[in-house]
Amino acid sequence: AYYGIVIALGMLGGVALATYIAKKSGQNPDDYYDIAIYSIIFAIVGARLYYVAFKWEYYSQDLTRILNIREGGLAIYGGVIAAVITVYICSKIKKLDFGLVVDTAGPGLILGQCVGRWGNFFNREAFGGYTDNLFAMQLPVSAVRNSDITMELREHIMVVDGISYIQVHPTFLYESMWNFCLLVLLLIYWKHRKFNGEVFLLYLFGYGIGRFWIESLRTDQLIIPGIGYPASMALAACMVISSLVFIIIKRTKIEKSGIK
């Protein structure tokens, strides 16, 4: 229940920020309310399908499980991909500049992720391996999924007052902090962007860098079948490279043409 509340707050905060930026930049905030309704719906569907795709061996045994999102199983990357596709379609229908729309919505998206990650704290999930650093977090073994406890974590189990604990990297905290810093940078840079779409590309670049590192720490990675490599790390690397290449190409063309 707390997870749902936190996710809902993240969504509301993201929409509020996007509409605020729209109003400040002379756009119609109502367009963003309309787009948000469809984007959120399809983002949830996309987040679920992305997760199911990489856990197909489990869900193929009983297809009805796919509809039971109460048991968990939402992946942010699937949500972002579905949301971007939805925004693109809505932009075309409303005859809006897609680059400007995603630039406006981008800060709201990262704010939503920043807040939403705390849902993992309440669910005691999406944590990393063993650590004894300053941010180390202890979790009762009975409160986490058995599949998320690695051999290294089992070797460092601590017993306090008869209760067994694992000590982990709070990766949800790392990502929330990283996203907050990225949000501040995007808001500062918004008025200085060189072309529509650049802020969103910077979001992809910045989030990809942070997610690549943070994902490497997690114990619940979604693995690409047949390759054995974490799907989120592969996608993060692609995001970083492709967004950087596109920014360089676009900026080079602008400088050569003298267009601002």
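Helices (H or I, at least four residues) and strands (E, at least two) are DSSP runs, numbered from the N terminus, and alanine 22 is found in one of them, helix α1. This is a predicted model, in which local features need pLDDT of at least 70 and side-chain atom pairs count only at pLDDT 80 or more, while totals for chains, interfaces and linings use all residues. Residues are numbered from 1 along each chain as its sequence is written, and side-chain values use heavy atoms, with hydrogens and water left out.

**View 1. The protein chain as a whole.** The protein chain holds 10 helices and three strands, which follow one another from the N terminus as α-α-α-α-α-α-β-α-β-β-α-α-α. Its radius of gyration (taken over C-alpha atoms) is 20 Å, close to the 18 Å that the globule rule (2.2 Å times the number of residues to the power 0.38) gives for 260 residues, so the chain is as compact as a globular protein of that length. Along the principal axes, the C-alpha atoms fill a box of roughly 65 × 40 × 35 Å. Of the contacts (heavy atoms within 4.5 Å) with a separation of 6 or more, 72% join residues 24 or more positions apart.

**View 2. The largest nonpolar core.** A nonpolar core is a set of buried Ala, Val, Leu, Ile, Met, Phe, Trp, Tyr and Cys residues joined through side-chain atoms within 4.5 Å, where buried means under 20% relative accessible area, exposed over 50%, and partly exposed in between (1.4 Å probe, protein chains only). The largest such core has 35 residues, and those with the most contacts inside it are Ile110, Tyr203 and Tyr207. At least two residues of this core come from each of α1 (2-24), α2 (29-53), α4 (76-94), α5 (98-116), α8 (171-189), α9 (198-217) and α10 (231-257), and α9 gives the most, with six residues. Apart from this core lies another, of 10 residues, among them Met137, Val144, Val168 and Leu173. When residues up to four places away in sequence are not counted, Tyr203 touches Val80, Leu109, Ile110, Gln113, Leu182, Leu186 and Gly208.

View 3. Two or more of its residues come from each of α1 and α6 (118-123), and the largest share, four residues, comes from α1. Phenylalanine 121, in helix α6, is partly exposed, with a relative accessible area of 36%.

View 4. Alanine 22 is buried, with a relative accessible area of 0%. Residues up to four places away in sequence aside, alanine 22 touches Gln27, Pro29, Tyr32 and Thr104. The C-alpha atoms of alanine 22 and isoleucine 249, which are 227 residues apart along the chain, are separated by 27 Å.

**View 5. Serine 232 in helix α10.** Serine 232 has its place in helix α10 and counts as buried, at 5% relative accessibility. Leaving aside neighbours within four places in sequence, serine 232 is in contact with Tyr50, Tyr77, Arg211, Glu215 and Leu222.
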